[in-house]
Protein chains: 2
Amino acid sequence: MRHNRKIIAVALVWALAFITINAQARDPLPSWNDTAAKKAITAFVDRVTQASSPDFVPVTERIATFDNDGTLWAEQPMYFQLLFALDRVKAMAPQHPEWKTKAPFAWLLKGDVKTALAGGEKSIGEIVMTTHAGMTTDEFAQIVKDWMATAKHPKTGRHYNEMIYRPMVELLSYLRSNGFKTFIVSGGGIEFMRPWVEQAYGIPPEQVIGSSIKTKFEMRDGKPVLVRLPQIDFIDDKEGKPVGINSHIGRRPIAGFGNSDGDLQMLQWTTAGSGPRFALIVHHDDADREWAYDRKSSIGKLNKALDEATAKGWTVVSMKDDWKRVFAFEK
Amino acid sequence: MRHNRKIIAVALVWALAFITINAQARDPLPSWNDTAAKKAITAFVDRVTQASSPDFVPVTERIATFDNDGTLWAEQPMYFQLLFALDRVKAMAPQHPEWKTKAPFAWLLKGDVKTALAGGEKSIGEIVMTTHAGMTTDEFAQIVKDWMATAKHPKTGRHYNEMIYRPMVELLSYLRSNGFKTFIVSGGGIEFMRPWVEQAYGIPPEQVIGSSIKTKFEMRDGKPVLVRLPQIDFIDDKEGKPVGINSHIGRRPIAGFGNSDGDLQMLQWTTAGSGPRFALIVHHDDADREWAYDRKSSIGKLNKALDEATAKGWTVVSMKDDWKRVFAFEK
């Protein structure tokens with residue numbers, strides 16, 4: 001057997017050498033311009049992955065967390081999950097004749113989204129619970145899949161899972177090919193993301209962290225189901241993000257990626273660990289190819305986190321200057 | 001480059017062929033007797049992993065969940081986490097002179113565990129919260145590590161992380177080498193397990209699911225910390241196990257492993273999915289090498305789940321008959 005082992009070793013070294021040479025020849029981030037942002041990313045990855053580096057990080061510790069809305073996919077003119085909820089209200093309306101005279105549903109059915117949402121958190125909470133609870137987890141996953149396959153973005157006319165940022169998909173893939181485990185840590189619903197993010201980003205359901213409602217185990221006709229209840233379980237935003245990371249991952253990421261003040265605590269938590277750390281903020285400054293908004297936006301507000309990024313030397317990505325293209329569907 | 005690719009392919013096929021031959025020559029479960037239980041395990045794994053099998057399951061779907069107390073490590077004379085809490089009470093007592101006259105602490109400090117715990121859930125809750133909350137997550141992890149390195153089991157005199165079942169460690173490793181992702185789904189504390197299970201079982205923190213208390217993000221001297229609060233967040237037992245699995249994994253396991261009625265719902269949830277499914281129960285029937293208990297035990301009670309295992313043909317492992325050895329430290 002000793003002889004066989006030697007043959008295996010030689011063959012593996014040989015194969016790996018060729019694979020390495022091939023990999024180096026290709027640019028892993030072709031949608032990124034050769035600007036400082038791209039260089040900061042590749043410099044960090046080299047620093048933690050090269051065996052000779054004093055800052056080498058073992059594979060098990062290479063945890064990277066990504067916000068979703070505004071970081072991996074677009075979030076304008078409003079969070080896509082809210083657009084999903086509004087579509088669900090319309091789809092469910094025939095079973096709810098009482099909605100014709102009941103706010104906020106009556107406003108939505110008349111097409112007046114602005115008035116419907118003017119009630120703030122209470123109205124939004126009512127719309128979300130009505131559309132997200134009351135069914136089993138399997139049923140909800142199917143509803144999300146069906147919506148994703150049919151609904152289209154009001155501005156681009158594209159399916160929502162096409163509204164993902166090509167440079168970020170490349171970045172996820174580049175990190176994974178360097179031994180990173182990539183996680184989503186989003187204020188969005190965990191069960192709203194899981195049915196489609198594996199195909200979109202290559203991130204499996206067990207690496208998705210998000211906001212959640214409670215579920216309950218029940219037997220229905222002798223079959224166990226999990227029923228979604230109209231009660232908040234966890235809000236994975238702001239101070240909640242480090243809590244969610246600790247609950248689901250149980251160790252501190254070495255790299256964090258966000259775009260708004262909702263990601264500030266995640267980036268603080270990430271960068272406060274010992275050893276090499278990386279924080280990146282996607283700055284929406286491209287009104288032509290995407291949207292331009294930051295300090296004063298009601299969606300994806302980027303104010304405190306932009307100041308802290310400047311103060312601490314985090315990488316701020318200009319969508320306009322640092323990305324060759326935003327969406328895969330662009331010419 | 002086309003020529004290089006061919007060389008890589010040939011070298012890889014060659015290496016893999018030898019690795020496969022070597023692997024087949026070794027028994028992956030040497031601590032298991034060649035009884036029906038072992039055959040059921042290997043038959044299931046062959047059935048879902050062989051490409052030619054009509055029941056082939058892709059790697060991403062190969063999720064296996066394991067209970068911890070009584071399934072991966074021992075749980076007698078009481079749950080080890082409770083023994084940890086009792087040790088902590090003693091260690092913390094000098095800072096709490098009021099405990100000298102306050103139940104349940106006074107009883108514990110006098111060595112009367114039975115009376116201390118006679119108050120039931122309320123007393124246990126008070127002991128657990130006092131010893132598990134009030135510090136940061138990093139501090140608590142260090143406390144657990146220190147205890148694991150020093151405390152010894154009252155009967156065997158071994159460190160608690162030596163009280164793990166060798167056959168189950170082999171089983172975990174065997175499943176992983178067949179593309180499975182192995183998770184712990186335990187009623188025990190998630191933060192009590194994470195500091196040591198990676199070394200003991202090869203299961204990383206992000207694949208540990210357990211009961212939890214709430215945590216809170218805070219800035220202390222400009223550094224972010226997570227503080228452990230004395231409030232229950234989630235109980236990962238019985239009906240809670242499928243809820244925890246759904247929350248953390250987001251897909252249904254195809255194989256589940258437990259030892260008590262606390263695992264029944266997890267095994268029901270696991271086996272109710274479509275396609276090939278596997279459920280296994282470790283039966284504590286070995287008073288010589290471990291302990292013997294089942295239907296009437298206050299710890300690790302196995303009653304309903306034993307009936308259901310019989311009715312549904314789940315694999316029931318006799319520690320006495322199916323395992324060559326229980327602990328690695330046995331001669």
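On a 1 Å grid over the protein atoms alone, a pocket is an open set of points with protein on both sides within 12 Å along at least five of seven lines, the points being places where a 1.4 Å probe fits. Grid points are joined across faces, edges and corners, and a volume is the space filled by probe spheres set on the points. The structure is a predicted model, in which local features need pLDDT of at least 70 and side-chain atom pairs count only at pLDDT 80 or more, whereas totals for chains, interfaces and linings use all residues. Residues are numbered from 1 along each chain as its sequence is written, chains are lettered from A and ligands numbered from 1 in the order in which they are written, and side-chain values use heavy atoms, without hydrogens and water.

The second largest pocket holds about 1300 Å³ of space. By class, the lining has 16 nonpolar, 15 polar and twelve charged residues; Ala, Val, Leu, Ile, Met, Phe, Trp, Tyr, Cys and Pro count as nonpolar, Asp, Glu, Lys and Arg as charged, and the others, Gly among them, as polar.

Chain B and chain A are in contact (heavy atoms within 4.5 Å) through 47 residues from chain B and 47 residues from chain A. The area buried between the two chains, that is, the accessible area (1.4 Å probe) lost on putting them together, summed over both, is about 4100 Å², and carbon and sulfur atoms give 59% of this area. Eight salt bridges cross the interface, each defined as a side-chain nitrogen of Lys or Arg within 4 Å of a carboxyl oxygen of Asp or Glu. One of them joins B:Glu206 to A:Arg251, with the closest N and O atoms 3.1 Å apart.

Local backbone features were also identified. The peptide bond from A:Ala103 to A:Pro104 is cis, with omega near 0°, and A:Pro104 is placed in the loop between α3 and α4 of chain A. In chain B, a cis peptide bond joins B:Ala103 and B:Pro104, with omega about 0°. A:Lys238, in the loop between β4 and α10 of chain A, has a positive phi near 50° and is a residue other than glycine.

How values were computed. On a 1 Å grid over the protein atoms alone, a cavity is a set of points where a 1.4 Å probe fits but cannot get out, and a pocket is an open set with protein on both sides within 12 Å along at least five of seven lines; lining residues have an atom within 4 Å of a point. Helices (H or I, at least four residues) and strands (E, at least two) are DSSP runs, numbered from the N terminus.
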